[in-house]
Amino acid sequence: MTAPDLQDAPANAKKRHRFDSVQTNRERFMKTNRMIAAAAVALMLGGATTTFAADPVKIGMITTLSTGAGYLGEDVRDGFLLAVAEEGGKLGGTDVEVLVEDDGRKPGNGKQIADKFLEKDKVEIMTGVIFSNITPVVVPLTMKAGVFYISPNSAPSIFAGEGCNEDYFVASWQNDSLHESAGVYANELGYKNAYILAPNYQAGKDSLAGFKRYFKGDIAGETYTKLGPTDYAAEIAKIRAANPDMVFHFLPGGMGINFLKQYSQAGLKDTYPLVVSTASMDERIMGAVKDAAVGVRSTSHWNLAQDNAANKKFVDGFKEAYGRNPTVYASQGYDTAKLIASALKATGGKVLDAKDEFRAALKKADFESVRGEFKFANNNHPINNWIGQVVEKDADGNIVNSIVEVVSPNHKDAYADKCALK
Amino acid sequence: MLLFFEQLLNGIQLGVFLFLIAAGLTLIFGIMGVINLAHGSLFMVGAYAAAAATEWTGSFALGIVIALIVSGLVGILMELVVMRRLYDRDHLDQVLATFGLILFANELMTILFGRTPLFLNVPAILNGAVEILPGVQYPLYRLAIIAMGILVALILYVIITKTRAGMLIRAGSTNRDMVAVLGVDIALMFTLLFGLGAVFAGFAGAMAGPLISVEVGMGEQQLILAFVVIVIGGIGSVRGALVGALLVGVVDTLGRAFLPDLLKLFMDPASADGIGAGLSSMSIYIVMAIVLVFKPSGLFPVAAAGR
């Protein structure tokens, strides 16, 4: 109805109105008809393609793309898709279709997406979860459906020991070992007294336990913070009062950025040096705090400057494709894809039709990892060489994370012996 | 004792920072009667604008000025396009619409700036720490935030109680129709008021930028605390927001600082750490519940006749 209609006599307006609505109905009917026709054509075409080409292997990726930790999932996804793009949409010579969905760091979302991927989309491989509060929801569902799960990041202890599973693989590290290596590095640096802090949730508690398992010195103080707080003034004052040799924390993503900014403003960065794991000191954190990161030591299984052919190809390819430096998360996404590719190549593209062969091929891990050597322990978690790094300012004024030394070679996680797998 | 004093100061500083966010929220919520969940998005806009402008101009002061202008303009645009349609609607409609705005703002920031947190550091002039008491070093920038908070409180006080515009704002909040009948362009007034609230949110974001990660979704974390503050203080009362913010800041900080140690007096250390951390994150909500039991409309209830 246009405005002049309203100025007509009421009776007239009513008549017109009815006429209008009849016309709209007819239009709507025609539109519906056209839509059905289009849908039918699309269905026909769709059916045609599936008849002639082999179905691609479907890979479901549940990851965290929103919230302050969104860049973790973004990098895992981009690293994974880079490996797929290198082969022109294939992995190991087989066509793959990667379905990506955002879990928003919420276990409930993770469950919904997992149900959809497993029941509706019929994926054959699952991957992608970043946070350890979502893994315990997604992995059992995947195992129940008889589908493979290959983790590019989170690996909580419950699936590493007695709860290990032959169809569950981890391409990154076991959660604890990430922090155990920081404990080893702290010993190496000669620190006798550490203040440790982490958010008050399962992965936070695991991190402090991991650090303490290997750190030989005393604990000057231990603090659990809220998950995702923005103000650390109270904690920083407590650190100063405790007067430790060093500080270890597990504050990944935005939390680490907040802490570092405030820690360096309080002037404590050089007085109480930080030794952390790579989760609390990645390329994006360095970019967001710049000078405040200089001098921070960390341990990682991968470094941007790691000297091997696979890593060179990965770093150059990533920079060209996305215009930024890859983080450790991107390297893990890329490795996950390469691991899957090696197994697909061995089975000629079969996954659930040849589960035993696919599983055996995964376990062999016959691929060039960007971290150098890659091998699985009996519990399908990798045995990593942990390297110590320090953040420095190079001659051009760039902030770089330099390799110092290998601090914990062939580091097997603490749970492998409890796993019944061979 | 020195540690206690330092933690108290940390609490006051957190409180003042919360006041910066809550001031705009309480103005909009109390006077215009709109629940604006997107207030946190305006906070984010301010921080992003400050970070981008500081990077571009090389001056933090200029970055702040640009952040104020940008967040004010975004606020006015938001009022004209969305909020204007919500005044006569149910609170639920307002919550839905402004929640939609949060999603929209977060996605837009991701498209514009990507997911990498932006860099924004303390300006050189405010870097470093000063000795406020013998043996207590305090970061200069945090002192600057306290000063800014007091300044904002004064400005708001003067605007609302001493100026003609403030008089109209107060009148408009009590009886909107009557003010309109008297010949005041109430629609324009609300647009400007919303813009003012946005400027405060943007200012808080810009000031927070050097302290916290400038990232997508940074506003939502603050928003919850800001709502606690204005509920404690009394919705619509700027004075209430100030008192509520200080209360929340001090309780939260002292809880985090001393609760675990306090519990260790009669518990084993491991569980004291866990329970202490849990209790201290609940502390502000416990305070809110206690305040609401005795003062259901907050510490400084605003008379809301005729609405």
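Visitor: What share of the 307 residues of chain B counts as buried?

Guide: Buried means under 20% relative accessible area, with exposed over 50% and partly exposed in between (1.4 Å probe, protein chains only). In chain B, 52% of the 307 residues count as buried. This is a predicted model, in which local features need pLDDT of at least 70, side-chain atom pairs count only at pLDDT 80 or more, and totals for chains, interfaces and linings use all residues. Residues are numbered from 1 along each chain as its sequence is written, chains are lettered from A in the order in which they are written, and side-chain values use heavy atoms, without hydrogens and water.

Visitor: How is the radius of gyration of chain B to be read?

Guide: The radius is taken over C-alpha atoms, and the globule rule is 2.2 Å times the number of residues to the power 0.38. For 307 residues a compact globule would have a value near 19 Å, so the 20 Å of chain B agrees.

Visitor: What area is buried between chain A and chain B?

Guide: Buried area is the accessible area (1.4 Å probe) that two parts lose on being put together, summed over both. Here it is about 3100 Å², with carbon and sulfur atoms giving 49%. On the side of chain A, Lys226(A), Lys261(A) and Gln265(A) lose the most area to chain B, together 21% of what that side buries.

Visitor: How many salt bridges are there between the two chains?

Guide: A salt bridge places a side-chain nitrogen of Lys or Arg within 4 Å of a carboxyl oxygen of Asp or Glu. The count between chain A and chain B is six. Lys226(A) and Asp252(B) form a salt bridge through their side chains, at 2.9 Å from N to O.
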